[in-house]
Amino acid sequence: MQSRSTPSTRAGGRPRSTEADTAILEATRQALVDLGWTKLTLGDVATRAGVAKTTLYRRWAGKSELVVDAVAELFDELELPDSGSLATDIEGVVLQFAALLGRPETKTALMAVVAESTTDEPLRERIRASIVDRQKRLVLAGRARAQDRGELPAEPDSVAAARTADLIFDVIAGAVVHRALVSAEPVDAEWAGEFTSLVLGGLTAVSGRGPAAMPSASPSPDASP
């Protein structure tokens with residue numbers, strides 16, 4: 001994997017080592033689990049990865065950039081299922097996402113960079129570019145498949161379609177992160193199914209088909225016939 005902020009060759013033209021990048025990012029995640037954000041240093045990462053400290057500085061400007069790339073590499077593992085149904089596609093990616101968040105290296109790294117970014121605008125921008133914007137690919141792919149299957153209508157207005165994609169991503173990512181990392185509640189198949197039903201109801205409304213169908217309430221025993 002290449003760092004998202006540096007070219008694949010240095011000024012002298014020698015290709016970067018993919019193996020070194022992989023080792024550095026893995027060492028970064030492990031160091032975060034072992035040491036935490038405040039004690040993590042590039043020197044420690046270099047020692048764990050078996051590379052010179054200068055190698056890290058040629059690739060990353062500092063700790064924040066390195067940790068964001070280490071987290072982004074994990075999120076790149078997410079894949080959208082192609083089950084033939086939008087509902088089961090959403091359930092599948094929700095369960096994958098929750099399993100990823102359950103890994104110590106993901107949880108530690110993500111929470112560390114998010115906390116640090118509250119006072120660091122460039123870091124927020126890097127998180128947005130390297131993680132959030134990249135993972136919107138899952139929403140775009142899922143929506144396109146659903147539209148091809150006739151489960152969702154086409155959205156000819158590109159601006160409105162982009163807003164819808166952002167909303168879908170925020171709802172799904174926000175709910176799963178909150179459930180898994182803030183509430184510390186399980187994201188199991190039952191929860192994923194119930195959550196997906198709620199999301200699909202909202203999608204039906206947002207996509208212009210009108211309010212989602214809701215079960216009609218039973219009449220009150222005191223209601224007039």
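Trainee: At what angle do the axes of helix H7 (residues 121-148) and helix H8 (residues 158-182) cross, and within what distance do they come?

Mentor: First, the ground rules. This is a predicted model, in which local features need pLDDT of at least 70 and side-chain atom pairs need 80 or more, while totals for chains, interfaces and linings use all residues. Residues are numbered from 1 along each chain as its sequence is written, and side-chain values use heavy atoms, without hydrogens or water.

Two packed helices are described by the angle between their axes and the distance between the axes. Helices here are DSSP runs of H or I, at least four residues, numbered from the N terminus. Axes are lines fitted to C-alpha atoms over the stretch in contact, with angles from 0 to 180 degrees between N-to-C directions.

H7 and H8 cross at roughly 110 degrees, and their axes come within 9 Å. That makes H7 roughly perpendicular to H8 (65 to 115 degrees). On H7, the contact (heavy atoms within 4.5 Å) uses Val132, Gln135, Lys136, Val139, Leu140 and Arg143. H8 supplies Ala161, Thr164, Ala165, Asp166, Ile168 and Phe169.

Leu86 sits in helix H5. It counts as buried, at 8% relative accessibility (buried is under 20% relative accessible area, with a 1.4 Å probe and protein chains only). Leaving out residues up to four places away in sequence, Leu86 touches Gly142, Ala146, Arg149, Glu151, Leu152, Leu200 and Leu203.

Next, H5 itself. It runs over residues 86-101, and its 16 residues should span 22 Å at 1.5 Å a residue; the end C-alpha atoms are 22 Å apart, which agrees. The expected span is 1.5 Å times one less than the number of residues. At the start of H5, a side-chain oxygen of Ser85 comes within 3.3 Å of the backbone nitrogen of Ala87. The buried residues of H5 are Leu86, Asp89, Ile90, Val93, Val94, Phe97, Ala98, Leu100 and Leu101. They cover an arc of only 160 degrees around the axis, so they lie on the same side of H5. That arc is taken from the directions from the helix axis to the C-beta atoms. As background, an α-helix has 3.6 residues a turn, so residues three or four places apart point the same way.

Terms used
Helices (H or I, at least four residues) and strands (E, at least two) are DSSP runs, numbered from the N terminus. Buried means under 20% relative accessible area, exposed over 50%, partly exposed in between (1.4 Å probe, protein chains only). A polar contact is a pair of N or O atoms within 3.5 Å; within protein, one must be able to donate a hydrogen and the other to accept it, and residues adjacent in sequence count only if both atoms are side-chain atoms. Angles under 35 degrees count as roughly parallel, over 145 as roughly antiparallel, 65 to 115 as roughly perpendicular and the rest as oblique.
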